[in-house]
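Please keep the sequence and the model at hand while reading.

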Amino acid sequence: MAMTCKACTHPRRLELDSLLATNFASNRRIASRYSLTEAAIRRHKSLHLSARLAKAAKAREIVDAGTVLDRLKLAHEEAWEILAEARQAGDIEIRLKALARIERQLELEGRLIGELRDGQTINLVLSPDWQRTRLAILEALAPYDDARRAVQKALRQASS
Ligand SMILES: [Zn+2]
């Protein structure tokens, strides 16, 4: 009996396939994330995924999540370097831009790691790394009252 594959027809199919292909998450976790049954995921994985992957690899549609994370980390380090330079040069505008970038990167990294880790989502706000980073950001901005308040406000909004 012909049956429509709910994974194949899923609106976030590409994302789903890339998670399945990189084996970063269990079938159970992927199933719950995309509101599918584990059986549907298993079936899709064994019957449809490899054909799709071959096609997608050609079209470069599949993003390797690990590679994205690596690139993100590099960009992150660069942003911190820019921040350090701007601090030394006393360039508050560049500093704030670097901080904003770092903030976005942290957010993205948190989300990405949440996708990659099996079984649990990361609460970015509670993660010790984030706490340390936030502290460092606010500390660095301490001499700049307005800037610190603006960043603090943005951080609160981002984490609510
Ligand atoms: Zn399928």
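The points below cover the overall fold, the metal site, the salt bridges, the nonpolar cores and some individual residues.

This is a predicted model, in which local features need pLDDT of at least 70 and side-chain atom pairs count only at pLDDT 80 or more, while totals for chains, interfaces and linings use all residues. Residues are numbered from 1 along each chain as its sequence is written, and side-chain values use heavy atoms, with hydrogens and water left out. The chain has 7 helices and 0 strands, and a zinc ion is held by the protein donors Cys5, Cys8, His44 and His48.

**Overall fold**

- From the N terminus on, the elements run α-α-α-α-α-α-α; helices (H or I, at least four residues) and strands (E, at least two) are DSSP runs, numbered from the N terminus.
- The chain has 160 residues, of which 33% count as buried; buried means under 20% relative accessible area, exposed over 50%, and partly exposed in between (1.4 Å probe, protein chains only).
- Among contacts between residues at least 6 apart in sequence, 60% join residues at least 24 apart, where contact means heavy atoms within 4.5 Å.
- The accessible surface of the chain comes to about 10400 Å², and 52% of this surface belongs to carbon and sulfur atoms; accessible areas come from the Shrake-Rupley method with a 1.4 Å probe, and for residues only the protein chains shown count as cover.

**The zinc site**

- Donors are N, O and S atoms within 2.8 Å of the metal (3.2 Å for Na, K and Ca); water is not among the atoms, so sites may look incomplete.
- The arrangement is tetrahedral because the 4 donor atoms subtend angles of 104 to 114° around the zinc ion; four donors count as tetrahedral if all angles lie between 85 and 135 degrees.
- In sequence, the donor residues follow the spacing C-x2-C-x35-H-x3-H.
- Histidine 44 and histidine 48 are separated by about one helical turn, because they are 4 residues apart in helix α3 (residues 38–59).
- Histidine 44 is buried, with a relative accessible area of 0%, whereas histidine 48 counts as partly exposed at 22%.

**Salt bridges**

- The whole structure contains 3 salt bridges, a salt bridge being a side-chain nitrogen of Lys or Arg within 4 Å of a carboxyl oxygen of Asp or Glu.
- Arginine 13 pairs with aspartate 17, with the closest N and O atoms 3.7 Å apart. Both residues lie in helix α1 (residues 13–22), and their spacing of 4 residues places them about one helical turn apart. Arginine 13 is partly exposed at 22% relative accessibility, while aspartate 17 is buried at 2%.
- Arginine 42 pairs with glutamate 38 at 3.8 Å between the closest N and O atoms, and both lie in helix α3, 4 residues apart. Arginine 42 is partly exposed at 46% relative accessibility, and glutamate 38 is partly exposed at 35%.
- Lysine 97 and glutamate 93 meet at 3.6 Å, N to O, and lie 4 residues apart in helix α5 (residues 92–116). Lysine 97 and glutamate 93 are both exposed.

**Nonpolar cores**

- The largest nonpolar core has 13 residues, of which Ala7, Leu16, Leu20, Ile30, Tyr34, Leu36 and Ile41 touch the most other members. Helices α1, α2 (27–33) and α3 each supply at least two residues of this core, and α1 gives the most, with 3 residues.
- A nonpolar core is a set of buried Ala, Val, Leu, Ile, Met, Phe, Trp, Tyr and Cys residues joined through side-chain atoms within 4.5 Å.
- Leucine 36 touches Lys6, Ala7, His10, Leu16, Ala31 and Ile41, not counting residues up to four places away in sequence.
- A second, separate core of 12 residues includes Ala79, Leu99, Leu106 and Val151.

**Individual residues**

- Glutamate 109 is in helix α5 and is buried, with a relative accessible area of 15%. Glutamate 109 and histidine 76 are 33 residues apart in sequence and 9.5 Å apart in space, C-alpha to C-alpha.
- Serine 35 lies in the loop between α2 and α3 and has a positive phi of about 55° although it is not a glycine. At 66% relative accessibility, serine 35 counts as exposed.

How values were computed. Tetrahedral: all angles 85-135°; square planar, octahedral: opposite > 155°, others 65-115°.
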